[in-house]
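Q: I'm new to this one and would like to go through it piece by piece. Could you help me read it?
A: Gladly; let's bring it up and begin with one of its helices.
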Amino acid sequence: MLKIDKEVTASFDIDAQKTFSPFCPEELPVVEGDKIVDELNKNKGFARLHVASRDAHSLNAVWIANAQNPPMSKMEGFADMDIRWPAHAIVGTAGFEFLPGLDSKRYEYQVFKGMVPDQHPYGACYHDFKEHQSTGAIEFLKVNNISTVICGGLATDYCVKTTVLQLLKAGFKVIVNLAACRGIAKETTEQAIAEMTAAGAVMIANAEELAM
């Protein structure tokens, strides 16, 4: 069992939204993306504070794919976008909402990502790729004397990985509950887990491996 001091621990639900689940099949559905809620809520039981991030996009976003520029095609000349994606997590639509079973009022801090049309950040700690424009998440955790962060969310190989690496760089101990995550593709998910582990993150199979 991995012993946790609740007083210095926060949970971080990363982009646990309908847009990345079968609830929104025309957006960016992740296989079993709707199956992570129970584990995310179990993470919260080991944490004093609870943080969440959400993609919060606009239909005016420059990176939205179209007939001439299909999904995953590279974008050149933009500092904070790398590839095109289908429209997803548009504010005011079902895709922007949390997965059913997650209570938005339970979070002491929320990050909205990608509101600017020419930015598509993956990590929840910075709005830009160079990691100069803070979302305030790191500062919130530090000012509240948090040293350990338990992470889960969608998707393992993109936003979860990048957020975990950002938290590690900021000096936090980071635990990734793999049962509270799902990835887009098997190969990139395995690569992400290896990268997070090499950077110092602790991987657990599920919340049962945690103990107060």
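Q: What covers the buried residues of H3?
A: In this predicted model, the cover over the buried residues of H3 includes the strands S2 (9-14), S4 (109-113), S5 (148-154) and S6 (173-182), together with the helices H2 (137-143) and H4 (186-199).

Q: And how many residues of H3 are buried?
A: Helix H3, which runs over residues 156-169, has 10 of its 14 residues buried, and is in that sense mostly covered. Among the buried ones are Thr156, Asp157, Cys159, Val160 and Gln166.

Q: What about Cys181, then?
A: The sulfur of Cys181 has its closest cysteine sulfur in Cys151, at 7.9 Å, and that is also too far for a bond.

Q: Is Cys181 buried or exposed?
A: Cys181 is buried, at a relative accessible area of 4%, and Cys24 counts as buried too, with 6% relative accessibility.

Q: Last one: where is Ser21, and what is it in contact with?
A: Ser21 lies in the loop between S2 and helix H1 (37-44), and it is buried, with a relative accessible area of 0%. Beyond its neighbours within four places in sequence, Ser21 is in contact with Leu28, Pro29, Val30, Gly33, Asp34 and Leu99.

How values were computed
Residues numbered from 1 in each chain as written. Predicted model: local features only at pLDDT ≥ 70, side-chain atom pairs only at ≥ 80, totals over all residues. Heavy atoms only, no water. Buried < 20%, exposed > 50% of the residue type's maximum accessible area, 1.4 Å probe, protein only. Disulfide = S-S within 2.5 Å. Helix = DSSP H or I, 4+ residues; strand = E, 2+ residues; numbered from the N terminus. Contact = heavy atoms within 4.5 Å.
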